[in-house]
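Have the viewer open as you read.

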Amino acid sequence: MNKTTFPLFFACLCILLQGCQTWYALEYKTESQPIQFGPHIAASKVDTLGLISGYFKQYSEEEVYSESENLSITLGGEDYMEENLSYTVYRALEDNPEHFIADGFIEIKVKQGVTFWGFLRNVIAGAITGEETNGGGYSTETIRYIGVVYNIHEGGSNDEK
Amino acid sequence: MMKSRINIVLLTLLLPFILFLSGCSVGASVAVNAKKVEYPVSFTDSFYSSDNQLILNGEYESLKDFSFTFTKWGVSSWIEIRNSEDISNRLNKIIENENGDAITNLKISVNNPPVRNGVLWFTKAVAITSSALFTVMAVSDSDRRGGYTAIAAGSTLAALFTPAAVDIKVEGTVIQFHE
């Protein structure tokens, strides 16, 4: 490998690594109520009502594919999304328009690997075609929002506490 | 001697099943917070000002959209060790640079980097296989027990603490309002 080939190969590898990105987002749409990320900086009194959390989870499992001269086989594979923001976070605000959420933080979890069933599908597909198999891996991305529900105390001030 | 060889061959065949029976994976867990942010930061297009006034969309001027990305590493997927990242300073600086008063429409996105985590997952699978294989070899071969035990212990530690990456993107709009 000469002096120019290696940097070129490295640059291509970096571009390839950067290209493989799928972003899963946590975003909210409400009528008018704020869902604040940081603290609520208040000059006047607010009532703390409790904690609330909602999450978004994306799960994807690749299908297993194997092909021989006159036979190809595809097994499994699925993609699903779970979210309970509307049942918890939105509902809390819709039922109580005077409430708002602040002091929130985000908990992120990602996982990547192969499940036992993914592995088993690889073995079955390989046994049927007698050739090598591809796929079977899974990945999950979970984003959870945890925040504090507040109620604005009209006319009060922090000095009253 | 023959019996121990048969045991090793059987175990080598069984290892992939043992490995995948538990579902081999790498993972990361990260908490993102902004405990020290000095301005209102809202996921929606409204927020409460410091004097408890609800500021709605249309009552403020959008100054600039911003976006930044960072990578965090999770230490282990077996033992839950949660990393945390406080983005308060970055948010404070973004607002101050634009002479803004708050951030609205905050969006936090996650990318599970498939190539990086795929390589780490493969490393972990090799470490688990090596750990199990050398444990059996240490039990069955008393002459080289010390060396095999050391390799098995090293592989177990490598498998336990295989890291995983997560890319996090933060986007939003800096706004200005006049009280």
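A:Lys57 stands opposite A:Thr142 in β8(A). That pair belongs to a run of 15 bridges joining strand β2 (residues 46-61) of chain A to strand β8 (residues 137-152) of chain A, and the two strands run antiparallel. Pairing here asks for at least two DSSP bridges between two strands, while the elements themselves are DSSP runs numbered from the N terminus: helices are H or I with at least four residues, strands are E with at least two.

A word on the ground rules: this is a predicted model, with local features needing pLDDT of at least 70 and side-chain atom pairs counted only at pLDDT 80 or more, while totals for chains, interfaces and linings use all residues. Residues are numbered from 1 along each chain as its sequence is written, chains are lettered from A and ligands numbered from 1 in the order in which they are written, and side-chain values use heavy atoms, with hydrogens and water left out.

## A sheet built from both chains

Which strands make up the open sheet of 6, and in what order? Reading across, it goes β5(A)-β2(A)-β8(A)-β6(A)-β1(B)-β5(B), with mixed pairing. At the edges stand β5 (78-83) of chain A and β5 (83-86) of chain B; each has a single partner strand, so one side of each is left without a neighbour in the sheet. From one strand to the next, the twist averages 15°.

Helix α3(B) packs on this sheet, touching β6 (99-114) of chain A together with β1 of chain B. Its direction makes about 130° with that of β1(B); axes are lines fitted to C-alpha atoms (for helices, over the stretch in contact), and angles run from 0 to 180 degrees between N-to-C directions.

## The interface

The contact (heavy atoms within 4.5 Å) takes 56 residues from chain B and 49 residues from chain A. About 4400 Å² is buried between the chains, with carbon and sulfur atoms giving 61% of that; buried area is the accessible area (1.4 Å probe) that two parts lose on being put together, summed over both. In chain B, the residues losing the most area to chain A are B:Phe43, B:Tyr48 and B:Val110, together 17% of what that side buries.

Between chain B and chain A there are 0 salt bridges, a salt bridge being a side-chain nitrogen of Lys or Arg within 4 Å of a carboxyl oxygen of Asp or Glu. Strand pairing also links the chains: 4 bridges join strand β1 (residues 23-26) of chain A to β6(B), running antiparallel. There, A:Ala25 stands opposite B:Ser109.

Over all chains, the count comes to 5 salt bridges. One of them pairs the side chains of B:Lys64 and B:Glu98 (3.7 Å, N to O). B:Lys64 lies in strand β4 (residues 61-74) of chain B and B:Glu98 in the loop between α2 (88-97) and β6 of chain B, so the pair ties together parts that are 34 residues apart in sequence.

## The three-stranded sheet of chain A

Chain A also has an open sheet of 3 strands, ordered β4-β3-β7, with antiparallel pairing. Here β4 (72-75) and β7 (133-134) are the edge strands, each with a single partner, so one side of each is left without a neighbour in the sheet.

Strand β3 (residues 64-67) of chain A pairs with β4(A) over 4 bridges, and A:Val64 stands opposite A:Leu75. Helix α3 (residues 116-129) of chain A packs on the sheet, touching β3, β4 and β7 of chain A, with its direction at about 15° to that of β3(A).
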